Amino acid sequence: MNMQFDATFFAFVGLVLFLALVVYLKVPGMMAKSLDARADKIRDELAEAKRLREEAQHVLAEYQRKRKEAEAEAASIVAAAEREAAMLTAEAKQKTEEFVARRNALSEQKIKQAETEAVNAVRSAAVDLAIAAAEAVLAKKTDAAVQDNLFKGAVGEVKARLN
């Protein structure tokens with residue numbers, strides 16, 4: 001048998017030697033180890049991503065809770081401000097009404113006082129006018145003798161009172 005070594009045979013022998021060299025140098029173990037390390041790294045990254053996602057959800061829930069609390073606090077502040085504004089409005093209205101009532105009472109008192117003063121002035125003027133009229137009437141109706149007798153009587157009364 002004549003063995004001819006052709007290119008296919010040498011390629012086959014080269015492949016066998018290469019595979020033997022690869023097995024001898026433990027390349028499949030290194031590849032498996034490298035793949036395992038890469039898988040571990042990916043697993044760690046996934047765990048970290050999951051942890052970060054859970055942390056982000058926790059932070060989001062916390063912020064939503066704080067936002068709700070802030071909204072509730074803002075609503076209570078607005079309600080308190082509205083109550084205070086209503087109370088101040090009512091108080092201002094009451095004070096205004098009291099002020100107007102006091103002013104009206106003071107005005108009425110001044111009007112009554114002015115009426116009383118006017119009535120007294122009219123009475124005084126009427127009395128003065130009546131006295132003047134009586135003097136005029138008496139002066140016309142009485143003669144000098146009657147006046148002299150009245151004068152002497154008045155002087156006598158004054159002397160009697162003085163003694």
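Helix α1 is followed by K26, whose phi is positive, near 60°; helices here are DSSP runs of H or I of at least four residues, and strands are runs of E of at least two, numbered from the N terminus. The model is predicted, so that local features require pLDDT of at least 70 and side-chain atom pairs count only at pLDDT 80 or more, whereas totals for chains, interfaces and linings use all residues. Residues are numbered from 1 along each chain as its sequence is written, and side-chain values use heavy atoms, with hydrogens and water left out.

Helix α1 comprises 18 residues (residues 7–24), which should span 26 Å at 1.5 Å a residue; its end C-alpha atoms are 25 Å apart, which agrees. The expected span is 1.5 Å times one less than the number of residues. An unreviewed UniProt entry places a "transmembrane region" at residues 6–25; UniProt positions follow the numbering used here, feature names are shortened, and annotations may be inferred rather than shown by experiment. Over residues 6–25, the chain is 90% helix and 0% strand, with end C-alpha atoms 28 Å apart.

A nonpolar surface patch is formed by L15, F18 and L19, which together have about 300 Å² of accessible area. Patches consist of residues with over 30% relative accessible area and no salt bridge, like charges being joined within 9 Å and nonpolar side chains (Val, Leu, Ile, Met, Phe, Trp, Tyr) within 5 Å. A salt bridge is a side-chain nitrogen of Lys or Arg within 4 Å of a carboxyl oxygen of Asp or Glu.

A search of the whole structure finds 1 aromatic pair. This pair joins F9 and F10 in an edge-to-face arrangement, at 6.0 Å centre to centre and 65° between the planes. Rings of Phe, Tyr and Trp (its six-membered ring) pair if their centres lie within 6.5 Å, with planes under 30 degrees apart counted as stacked, over 60 as edge-to-face and the rest as tilted. F9 counts as partly exposed at 35% relative accessibility, and F10 as exposed at 52%.

The unreviewed UniProt entry also annotates a "coiled-coil region" covering residues 32–98. This span is 100% helix and 0% strand, and its end C-alpha atoms lie 97 Å apart. A90 is found in helix α2 (residues 27–141) and counts as partly exposed at 44% relative accessibility. A90 and E45 are separated by 45 residues in sequence and by 66 Å in space, C-alpha to C-alpha.

Key: Areas by Shrake-Rupley, 256 points an atom, 1.4 Å probe, with all protein chains shown as cover. Buried < 20%, exposed > 50% of the residue type's maximum accessible area, 1.4 Å probe, protein only.
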